[in-house]
Amino acid sequence: MYQINANYQKLPGSYLFSTIAKKVAAFTKANPDKKIIRLGIGDVTQPIAPAVIKALHQAVDEMADAATFRGYAPDLGYDFLRSAIVENDYASKGCGISADEIFVSDGAKSDSGNIQEIFSQECRIAVTDPVYPVYVDSNVMAGRCGEYDSASGMWSNVIYMPCVRENGFVPEFPKETPDLIYLCFPNNPTGTTITKEKLQEWVDYANKQGAVIIYDAAYEAYISEDHVAHSIYECEGAKTCAIEIRSFSKNAGFTGVRLGFTVVPKELKCGGISLNAMWARRHGTKYNGAPYIIQRAGEAVYSKEGKTQLKEQVDYYMKNADTIKTGLKDAGYEVYGGVNAPYIWLKTPEGMTSWEFFDYLLENANVVGTPGSGFGPSGEGYFRLTAFGSYENTAAALERIRKL
């Protein structure tokens with residue numbers, strides 16, 4: 001008789017955002033007259049930029065002509081997109097990344113969950129706490145995390161690196177030695193980041209320990225301060241210890257279009273074995289490539305018009321972030337983030353737990369956010385709000401919260 005992957009049974013409850021959706025659905029059913037404002041899930045709300053839409057239309061028209069029709073895409077990505085990525089995201093910053101080190105995919109979430117497949121089951125992971133749930137959950141599914149302790153909210157074989165108020169939400173080097181280190185900067189969920197100098201220390205640490213950094217740079221477009229690196233490859237030695245994951249979702253509004261990429265340098269090797277070649281083998285085996293029309297849309301992101309239009313969208317969301325942060329501070333909340341990232345991380349008031357504050361906001365202000373405890377033990381007592389809503393809804397939600 002067949003058997004299931006028992007590791008899936010170890011996952012506690014449902015996915016964080018599924019739980020939120022169920023709570024909101026139940027509240028809406030019981031209160032159909034209430035207008036809910038959603039500042040929980042980090043989903044964009046502004047329409048795709050005109051330059052990108054134009055490229056999509058042109059690519060669709062090409063698919064209707066036998067002379068320009070495309071079938072299977074190259075499994076690692078079309079050269080026109082990979083070259084545009086290198087020229088705009090890496091060459092200009094002196095990172096030394098080449099097009100054959102870029103692997104185009106359908107998004108950062110997929111790559112964040114799949115990248116662990118090329119590593120041994122015995123590898124021990126280290127994660128920031130709080131943490132984007134996919135990093136841990138995908139390793140649980142692979143049988144790499146040990147057992148879950150519901151009392152502490154921790155996995156027995158995971159090294160947690162607390163990011164709390166006392167250390168400025170910047171992780172410290174773990175006392176135990178990890179094999180894989182997950183870093184996300186600008187950070188989701190805290191909205192905070194680290195300096196290039198501090199990131200260099202992590203690169204030096206990983207090279208010394210023989211560890212690999214999985215670096216999630218999905219929010220790099222929101223960086224506004226000069227001392228914050230846009231790519232880990234701005235740090236010396238990063239190509240021998242780091243894999244970088246990027247997304248078009250938050251910088252170009254592709255959450256419903258799906259496009260991302262992962263960078264695996266050819267210098268990254270384990271005992272002479274190339275991780276670039278391993279990821280190419282895995283990618284080619286399990287993936288038939290992002291659609292041609294979507295990759296043409298991605299190319300348009302780097303056009304002159306695309307850059308201008310997308311900067312306007314980023315500025316729009318960061319105006320929301322500033323509105324939330326300033327308003328909450330004026331109302332007496334303890335607030336972090338909202339400078340280099342579109343997330344606000346706030347301390348729950350009056351000793352409320354994260355879920356108690358979630359229920360309080362939903363019931364009394366009809367505003368939805370994300371409980372910090374859903375991101376890990378160190379997220380307890382905190383709450384995440386996203387700046388990806390419309391400005392009108394953002395201002396209205398803030399006013400409701402301030403009136404509580």
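Tutor: Let us start with charge. This is a predicted model. Side chains of opposite charge can pair when their charged atoms come close. Here, Arg 282 and Glu 117 form a salt bridge through their side chains, at 3.2 Å from N to O. The two belong to distant parts of the chain, 165 residues apart. Arg 282 sits in helix H8 (residues 275–286), and Glu 117 in the loop between H4 and E3.

Student: Is Arg 282 buried or exposed?

Tutor: Arg 282 is buried, because its relative accessible area is 15% and the cut-off for buried is under 20%. Glu 117 is partly exposed, at 34%.

Student: How many salt bridges are there?

Tutor: The count comes to 16. Take another one: Lys 23 and Asp 359 meet through their side chains, 3.3 Å from N to O. Lys 23 lies in helix H1 and Asp 359 in helix H11 (residues 354–364), so this pair ties together parts that are 336 residues apart in sequence. Lys 23 is partly exposed, with a relative accessible area of 30%. Asp 359 is also partly exposed, at 24%.

Student: What about Arg 165 and Glu 166?

Tutor: They form a salt bridge too, with the closest N and O atoms 3.9 Å apart. Arg 165 is partly exposed at 38%, while Glu 166 is exposed at 65%. Elsewhere, salt bridges with shared partners join Asp 89, Glu 220, Glu 244 and Arg 246 into one network.

Student: Which side chain of opposite charge is nearest to Arg 384?

Tutor: That is Asp 216, 10 Å away. Arg 384 is buried but has no salt bridge. The salt-bridge cut-off is 4 Å. Look for polar contacts as well. The side chains of Arg 384 and Asn 188 are joined by one of 2.5 Å. Arg 384 itself is in strand E17 (residues 382–386).

Student: Where does E17 stand in its sheet?

Tutor: Read the strand order. The sheet is open, has four strands and runs E13-E14-E17-E16, with antiparallel pairing. Strand E13 (335–337) and strand E16 (370–371) are the edges, each pairing on one side only. Three bridges link E13 to strand E14 (residues 343–347) in the antiparallel sense. Tyr 336 stands opposite Trp 345 in E14.

Student: Now a helix. Why is H5 called largely enclosed?

Tutor: Count its buried residues. Seven of the nine residues of H5 (residues 133–141) are buried, so the rest of the structure largely encloses this helix. Among them are Pro 133, Tyr 135 and Asn 139. The elements covering these buried residues include helix H1 (16–30), helix H4 (108–114) and strand E3 (125–129). Strands E5 (154–155), E7 (180–184) and E8 (212–216) also take part in the cover. Just after H5, Gly 143 takes a positive phi of about 80°.

Student: How many disulfides does the structure hold?

Tutor: First the idea. A disulfide is a covalent bond between the sulfur atoms of two cysteines. This structure holds zero disulfides. For Cys 241, the nearest cysteine sulfur is that of Cys 235, 8.8 Å away. Cys 241 counts as buried, at 0% relative accessibility.

Methods: Residues are numbered from 1 along each chain as its sequence is written. This is a predicted model: local features need pLDDT of at least 70, side-chain atom pairs count only at pLDDT 80 or more; totals for chains, interfaces and linings use all residues. Side-chain values use heavy atoms; hydrogens and water are left out. A disulfide is a pair of cysteine sulfur atoms within 2.5 Å. Buried means under 20% relative accessible area, exposed over 50%, partly exposed in between (1.4 Å probe, protein chains only). Two strands pair if DSSP finds at least two bridges between them. Contact means heavy atoms within 4.5 Å. Lys and Arg count as positive and Asp and Glu as negative; His and the chain ends are not counted. A polar contact is a pair of N or O atoms within 3.5 Å; within protein, one must be able to donate a hydrogen and the other to accept it, and residues adjacent in sequence count only if both atoms are side-chain atoms.
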